[in-house]
Each structure stands twice: as C-alpha cells, then as structure tokens.
Amino acid sequence: MMSLWLWVARRRHGVGGGTAFGYARGQAAMMYGLAFVCVVETVALSVLLGDWPTVHAVVLFLDVYTVVFVVALHAASVVRPHVVGDGVLRVRRAVHVDLRIPVGRIASVRRELRMTHEAAEGELDLAVGAQTTVTVELAEPVTHVTFFGRPREIRVVRFHADDSDGLVRAVRALAAPTLLGDSV
C-alpha cells in the first residue's frame, strides 16, 4: 500500500542518482481493466445484498479493499522502475523482485523481444504482458532470492522495459570497459 502513496505523491522508490526505466506501461490496460471489473462487481453485489445489511457491509468492505489492492499492485510497478547507475543495474518487478547486478558481472546486454519463456535453471524471466525486451547475460552468476526466500544462482536475466533501447544504451555506457561482447 505504500506504493499507492508514493504513486499519488509522484515519487519513486530507490532511484537515487541513477536513471530510471519504467516497465508498467505494458500492463496498465490490463490492471485498469481488472480494477474496472472489480468496481462493477462491487456495485452488483451491493444491489444484490441490499436486504442483508451485515453481509452487505462485509462484502462491500472486501470489494473496496480489492479495488484498492489491484490499483496498488499497478502502483508498485510504476514507482519501482529498473535503475541504471552507481555501477549497478537494478532489475525490479513491483515489490517482488529487486535484483542488483554489478556491471562488472555483465558479459552482454541486448534488446531482444521474446514472447515465449520456458523455465530454465540459471535464468530469470520477468515478463510483462507475456514479453521481455532486454536480455542480460552474466559473466559470473548473481544470487536472486525468490519470493519464498530460496536463493537461486542467475546467469541470464530477461525483463521488459518500456524504453528498452535507452536502457541497453545506458547499461553499455556504464559497463563499457567490462563488456565481453554485445549484439544489437
């Protein structure tokens, strides 16, 4: 819910002096559509449960909370963008993923549109709208802690960025001395 307050205040979390690259634009229509459906459900249930005030009050509370929660999920993606700066590429996905990749470990970075993602050991795919637009291959693995606290060694990271070309250029500029090989 803190993300909702940051979004209303037009602030970002954890950007500091780095350059921010958003990724929420690809999911915005779906999230707003889901919020709209939740609002329609709230109105419909309010009418249907009008004769039972106690049940109506409980369901109304849960429905309003659901609408706020859906909007807050989208806000979490908006206020926590990917960040390039201070010798680190910070790849994020709302409040669930925050992977810091030191630029010295990046072997290559490229813009690559992928629509299919098979789960593979050592790879982290953070698709938005079932697509990724940036692929980062690492010379040395980084540790990613999953949502349930399990550590995974990651060698390839694929993620979506609204301005994937700009992100790739920024990473290359920051990591130019250490990149082993790049492809466009």
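Hi everyone, this short talk is about the salt bridges in this structure. Please keep in mind that we are looking at a predicted model.

Let's begin with the count: there are eight salt bridges here. I'll walk you through some of them.

Start at R25, which pairs with D162; their closest N and O atoms are 3.7 Å apart. This pair ties together distant parts of the chain, 137 residues apart: R25 belongs to helix 2, residues 25-48, while D162 lies in the loop between strand 8 and helix 4. How exposed is R25? Its relative accessible area is 62%, so R25 counts as exposed. D162, at 25%, is partly exposed.

Next, find R105 and E140, another salt bridge, with 4.0 Å between the closest N and O atoms. Here the loop between strand 4 and strand 5 carries R105, and strand 7, residues 132-145, carries E140, which puts the partners 35 residues apart. R105 is partly exposed at 29% relative accessibility, and E140 is partly exposed as well, at 43%.

Now turn to D125 and R158, whose closest N and O atoms are 3.3 Å apart. Is R158 buried or exposed? R158 has 8% relative accessibility, so it counts as buried, whereas D125 is partly exposed at 24%.

Note on methods:
Residues numbered from 1 in each chain as written. Predicted model: local features only at pLDDT ≥ 70, side-chain atom pairs only at ≥ 80, totals over all residues. Heavy atoms only, no water. Salt bridge = Lys/Arg side-chain N within 4 Å of Asp/Glu carboxyl O. Helix = DSSP H or I, 4+ residues; strand = E, 2+ residues; numbered from the N terminus. Buried < 20%, exposed > 50% of the residue type's maximum accessible area, 1.4 Å probe, protein only.
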